[in-house]
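Subject: Structure for you, with notes

Hi there,

Here is the structure I promised to pass on. Please open it in your viewer and keep it beside you while you read the notes that follow.

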Amino acid sequence: MKGNMRDRPYYSARTGKQPAHAKVDLVVLKRIFRTQYQHFEQEGYFQQDLGFLCVEQGFVAGRIGYDIEAAILLELRKSNLSPILTCLDGYSEDDFLDIVELLYEHCSKPVERHYHDWNSCGWHCSSFDQEAGRAEFRERMNPLLAAYGNGFEVSDHGEILTLPDSGLEPLLEEAVLTTDPTNVDSRIDAARRKFRRHGASIENQRDAIRDLVDVLEYLRPRLKGVVTRQDESDLFNLANNFGIRHHNGGQKTDYDQVIWYSWMFY
């Protein structure tokens, strides 16, 4: 978290007495999140959409209107999630991650603001930069989410994604830039998000692998200059004979999908 955590590990992690990547549970996650949320709220990052409370004017509505709870109910189809600081302790994991996505959606950095000092009211903001606000939200939230469970992050699309398997991060970080963004780049990006999305089912993951194979099929005429004929055969053998693309009696499906779908995807 920028300004709050340093890049290098502390003593116990450096000396091997404490795992450098020790995980936190949901209770601790919410405790740390509370501090981060309060920072953004006090600095005015949610005022454009969610409004704010003024000691003289009362509640000043943002773009989503006067009834915040109703707006959250409409967006998430869940009740009893607002006010966030009041309800936070009762959130399930899914509730919490839904709220993180919602806050990303409604986070905008104040560009113009003034401090209303009457009774220490706080910042009143009048213009905003949504792109900058969302970037700062991800910068503060992602180290926190990475420390929870198997590790999560908020993508630049505002989706909660699982972190890639250790050592395979470069495969997902590398940009795909071709002369055919419609048939290649965007399809690969969508498959990445589909596979890694929080709560993705086995069916979602299989669909993501199938989407990647479809891109490979589209590129097949150009593969000869990149992979050997045997490698090409092996790739399509996985897709065509192991329950990914086809459904017939000859498919080999007696394998642990959780393990092997991850391997196939990467």
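Let me start with a question: are helix 9 and helix 12 roughly parallel or antiparallel to each other? Before the answer, please bear in mind that this is a predicted model.

**Helix 9 and helix 12**

Helix 9 covers residues 181-196 and helix 12 covers residues 257-265; their axes come within 12 Å and cross at roughly 160°. An angle over 145 degrees counts as roughly antiparallel, and helix 9 and helix 12 are therefore roughly antiparallel to each other. Their crossing is left-handed. On the helix 9 side you will find Ala191, Arg192 and Phe195, which meet Tyr261, Ser262 and Phe265 of helix 12. Sorted by class, this contact of helix 9 with helix 12 holds four nonpolar residues, one polar and one charged.

**The second largest pocket**

Phe265 turns up again here: along with Ile188, Leu212, Leu216 and Tyr266, Phe265 is among the residues nearest the centre of the second largest pocket, which has 27 lining residues. The space in this pocket is about 980 Å³. Which helix gives the most to the lining of the second largest pocket? That is helix 10, with six residues. At least two lining residues come from each of helix 8 (169-173), helix 9, helix 10 (202-219), helix 11 (229-241) and helix 12.

**Helix 6 and its two partners**

Next, have a look at helix 6, residues 93-105, beside helix 4, residues 68-76: the two axes come within 11 Å and cross at roughly 110°. Helix 4 and helix 6 are therefore roughly perpendicular to each other. In this pair, Ile72, Glu75 and Leu76 of helix 4 meet Asp98, Ile99 and Leu102 of helix 6. The contact of helix 4 with helix 6 has four nonpolar and two charged residues, with no polar ones.

Helix 6 also pairs with helix 7 (residues 130-146), where the axes come within 9 Å and cross at roughly 155°. That makes helix 6 roughly antiparallel to helix 7. Helix 6 brings Phe96, Leu97, Val100, Leu103, Tyr104 and Glu105 to this contact, and helix 7 brings Gln130, Arg134, Phe137, Arg138 and Leu145. By class, the contact of helix 6 with helix 7 comes to seven nonpolar residues, one polar and three charged.

Two backbone details may be handy when you check the geometry. The loop between helix 4 and helix 5 (84-87) is the place of Pro83, and a cis peptide bond joins Ser82 to Pro83, with omega about 0°. Asn80 is in the loop between helix 4 and helix 5 as well. Its phi is near 60°, which is a positive value in a residue other than glycine.

**Gln48**

Which residues is Gln48 in contact with, leaving aside its neighbours within four places in sequence? They are Gly62, Arg63, Ser108 and Phe128. As for Phe59, 11 residues from Gln48 in sequence, the C-alpha to C-alpha distance between the two is 13 Å.

Happy browsing, and do write back with any questions.

Best wishes

Methods: Residues are numbered from 1 along each chain as its sequence is written. This is a predicted model: local features need pLDDT of at least 70, side-chain atom pairs count only at pLDDT 80 or more; totals for chains, interfaces and linings use all residues. Side-chain values use heavy atoms; hydrogens and water are left out. Axes are lines fitted to C-alpha atoms, for helices over the stretch in contact, and angles run from 0 to 180 degrees between N-to-C directions. Helices (H or I, at least four residues) and strands (E, at least two) are DSSP runs, numbered from the N terminus. Angles under 35 degrees count as roughly parallel, over 145 as roughly antiparallel, 65 to 115 as roughly perpendicular and the rest as oblique. A crossing is left-handed if the near helix is turned anticlockwise from the far one by less than a right angle, and right-handed if clockwise. Contact means heavy atoms within 4.5 Å. Ala, Val, Leu, Ile, Met, Phe, Trp, Tyr, Cys and Pro count as nonpolar, Asp, Glu, Lys and Arg as charged, and the others, Gly among them, as polar. On a 1 Å grid over the protein atoms alone, a cavity is a set of points where a 1.4 Å probe fits but cannot get out, and a pocket is an open set with protein on both sides within 12 Å along at least five of seven lines; lining residues have an atom within 4 Å of a point. Grid points are joined across faces, edges and corners, and a volume is the space filled by probe spheres set on the points.
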